[in-house]
Amino acid sequence: MLEYPGISKQRPLPSFIKKLWLILATESFKEFIFWVDQGQVICVPNAVLFSQNILPKFFKHNNWQSFVRQLNLYGFRKVYQLNLAYDESLEKRIVWQFKHDHFQRDHPELLCEIKRRTTRVIRQQKQDEELQAQQDKSEEDDYDDENETDSKRFKSNRHEDAFQEELQQLKLKLEHTESERQELWRQTIELSKRQSDQQKTINAVSDFIHELIIKNPQLTYDQIQLDRIGKEGGMPII
């Protein structure tokens with residue numbers, strides 16, 4: 001006859017709960033199943049090894065999914081942790097954790113509160129879980145939408161900054177071009193004035209020579225040059 005450490009014999013317990021308690025109390029099984037979180041959560045580090053080595057000894061089968069369904073029927077729920085990997089296919093080593101508020105290592109007196117759930121209760125819990133999953137999904141979608149909006153806003157601001165910087169560079173180029181244009185215009189006016197002055201000088205010399213030739217047809221070019229220099233107050237070039 002199996003002994004169930006810590007369990008009172010005054011109040012009958014479901015066979016599944018008693019066997020699960022015995023499995024956890026057996027020292028040689030700690031490689032396959034053990035308590036965690038101060039004795040409030042049961043942990044199966046490898047479902048395949050647990051199914052092969054433990055289930056046949058107590059439940060006459062080695063079907064892990066059947067064992068999980070029994071846990072669900074009695075109100076156990078999975079505990080998910082971010083640092084644990086899960087693989088429903090059982091094709092590689094995974095970690096499973098389950099919790100029940102009345103299944104605790106240091107409080108065997110609570111075991112009598114564990115009842116097998118009816119189909120109606122199971123259906124209601126499943127609906128609640130699906131509703132919670134939908135709410136979580138909605139919150140996740142809202143979070144994703146918010147992140148997407150922030151991302152778009154960030155990209156828009158970045159593009160706006162790039163546009164403003166490009167516009168500023170363009171303004172600087174235009175100012176530089178305008179400065180160069182004004183300088184070229186100033187130089188053009190100055191050259192035009194110098195050209196006009198030179199043309200006036202050429203015209204004056206031409207008029208002077210023309211006048212001398214008319215008045216003195218016998219003058220040579222050298223004489224005309226000497227005469228012009230003398231009138232301008234210069235010294236003749238010898």
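Biologist: Why does Cys43 count as buried?

Modeller: The relative accessibility of Cys43 is 4%. Buried means under 20% relative accessible area, exposed means over 50%, and partly exposed lies in between, with a 1.4 Å probe and protein chains only. Cys43 therefore counts as buried at its 4%. This is a predicted model, in which local features need pLDDT of at least 70 and side-chain atom pairs count only at pLDDT 80 or more, whereas totals for chains, interfaces and linings use all residues. Residues are numbered from 1 along each chain as its sequence is written, and side-chain values use heavy atoms, with hydrogens and water left out.

Biologist: What makes Cys112 buried, and how many disulfides are counted?

Modeller: Cys112 has a relative accessible area of 12%, so Cys112 is buried. A disulfide is a pair of cysteine sulfur atoms within 2.5 Å. By this rule, the count is zero disulfides.

Biologist: What makes helix H1 mostly covered?

Modeller: Helices are DSSP runs of H or I with at least four residues, strands are runs of E with at least two, and both are numbered from the N terminus. H1 spans residues 15-25, and eight of its eleven residues are buried. Among them are Phe16, Trp21 and Leu24. Contact means heavy atoms within 4.5 Å. The elements that cover these buried residues include strands E1 (34-36) and E2 (41-44), as well as helices H2 (47-53), H3 (55-59) and H4 (64-73).

Biologist: Which strands form the open sheet, and in what order?

Modeller: Two strands pair if DSSP finds at least two bridges between them. Four strands form the sheet in the order E1-E2-E4-E3, with antiparallel pairing. E1 and E3 (77-78) stand at the edges with a single partner strand each, so one side of each has no neighbour in the sheet. Helix H4 packs on the sheet and touches E2, E3 and E4 (96-99), and its direction makes about 20 degrees with that of E4. For such angles, axes are lines fitted to C-alpha atoms, for helices over the stretch in contact, and the values run from 0 to 180 degrees between N-to-C directions.

Biologist: How many bridges join E1 to E2?

Modeller: Three bridges join these antiparallel strands; the rule asks for at least two, so E1 and E2 pair. Phe34 stands opposite Cys43 in E2.

Biologist: How do you know that Arg181 forms a salt bridge, and with which residue?

Modeller: A salt bridge is a side-chain nitrogen of Lys or Arg within 4 Å of a carboxyl oxygen of Asp or Glu. The closest N and O atoms of Arg181 and Glu178 are 2.7 Å apart, and the pair forms a salt bridge. Arg181 and Glu178 are three residues apart in helix H5 (residues 119-215), and therefore about one helical turn separates them. Arg181 is partly exposed because its relative accessible area is 46%. By the salt-bridge rule, the count comes to six.

Biologist: What is the distance between Asp197 and Lys193, and why does Lys193 count as exposed?

Modeller: Their closest N and O atoms are 3.4 Å apart, and they form a salt bridge. Lys193 has 54% relative accessibility, so Lys193 counts as exposed, whereas Asp197 counts as partly exposed at 34%. Salt bridges with shared partners also join Glu183, Arg186 and Glu190 into one network.

Biologist: Where does UniProt place the coiled-coil region?

Modeller: The unreviewed UniProt entry places the feature at residues 160-187. UniProt positions follow the numbering used here, feature names are shortened, and annotations may be inferred rather than shown by experiment. In the model, residues 160-187 are 100% helix and 0% strand, with end C-alpha atoms 40 Å apart.
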